[in-house]
Amino acid sequence: MTTTTNASFVLERRYSASPQRVYAAWSDPQAKRAWFVEGEGWDIQSFDIDFREGGTETSVYGFRRGEEVFGEKTVFSNETVFNEIVENERIVFTYSMARNGRRFSVSLATLEIKPADKGSRLIFTEHGAFFEGGDNVTMREQGWQELLGKLDTFLAKSA
Amino acid sequence: MTKRTTTHATFVIERAYEHAPAKVFAAYADLEKKSKWFGGPPEWEAEHTMDFQVGGREISRGGPPGGTVHKMDGTYWDIVENERIVFCYDLLLDATRISVSLGTTEIKPNGAGSTLIYTEQGVYLDGYDDAGQREDGTQQLLTQLGAFLST
């Protein structure tokens, strides 16, 4: 029997980088991989991105603590489709998360980048359908908080 | 230059149908059945294609003769037979994308019939003021579904 929870959250962050640089971190494959995919505890199996309206991004990664947390070898995959792209301003995309081939959420995300004093303001809004056996919205929000923090580190390092 | 703004909105509609979940689901899964209830007024010129599987695309295009073309262009992201459909679609008026929306349809057994719960979470783009039209339009479609199921 399926269960579904639909929920949304909004995150806002400031970066001392121009909107162009913040946007490039999302649109450039090497940059995106560096802050979004690479991380401690993950073995990246594949990362492919075709950044254009209607294009897709797929990442597959092994979770090193899989046995500990889920009792089995665990591979996550993220499949993303870019719905709308406005250069330096907005990206609307839809993405699903799956664990060991089983999809556990589908989300519609909107990223807005606005110029701000000394840099940019980023507004990230997610609307998600969270399925039985997977993340809940609080975990997803925390996950994105961490990712937006990693983006901050990446932008500061490559300034 | 277009002023870039977004508005976000979610609505939930619940309906009871005196038909089993499998019959309700079939009205979504089969294009011939779906075309009988899903769409605009009969006087609209319309076309409708559907590939009902995860990753499959559905396009519904129509409008009054000589008037604005309404195009729904979407992809299926999750299908659980007789239980759940998750679909993400763009709505376009002529060439302008006005929204991107995530639609979740859940069908639950309710005695001999079903309860259908439809949740739509959407982003409306660049000043397009929905003013409840999407929700009203969806209510209308679900009424049309009920009428079709009873034929």
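Predicted model: local features only at pLDDT ≥ 70, side-chain atom pairs only at ≥ 80, totals over all residues.
## Basis

Local features need pLDDT of at least 70, side-chain atom pairs count only at pLDDT 80 or more, and totals for chains, interfaces and linings use all residues. Residues are numbered from 1 along each chain as its sequence is written, chains are lettered from A and ligands numbered from 1 in the order written, and side-chain values use heavy atoms, without hydrogens and water.

## Interface of chains A and B

Chain B brings 28 residues to the contact and chain A brings 32 (contact: heavy atoms within 4.5 Å). The buried area is about 2400 Å², with 55% from carbon and sulfur atoms (accessible area, 1.4 Å probe, that two parts lose on being put together, summed over both). On the chain B side, Arg4(B), Trp77(B) and Arg84(B) lose the most area to chain A, together 30% of what that side buries.

Three salt bridges cross the interface (a side-chain nitrogen of Lys or Arg within 4 Å of a carboxyl oxygen of Asp or Glu). Arg90(A) and Asp126(B) meet in a salt bridge at 2.9 Å, N to O.

## Helix pair in chain A

Helices α2(A) (residues 29-37) and α4(A) (residues 137-157) have axes that come within 8 Å and cross at roughly 130° (helices are DSSP runs of H or I, at least four residues, numbered from the N terminus). From α2(A), Ala31(A), Ala34(A), Trp35(A) and Phe36(A) make the contact.

Technical notes:
Axes fitted to C-alpha atoms, helices over the stretch in contact; angles between N-to-C directions. Helix = DSSP H or I, 4+ residues; strand = E, 2+ residues; numbered from the N terminus.
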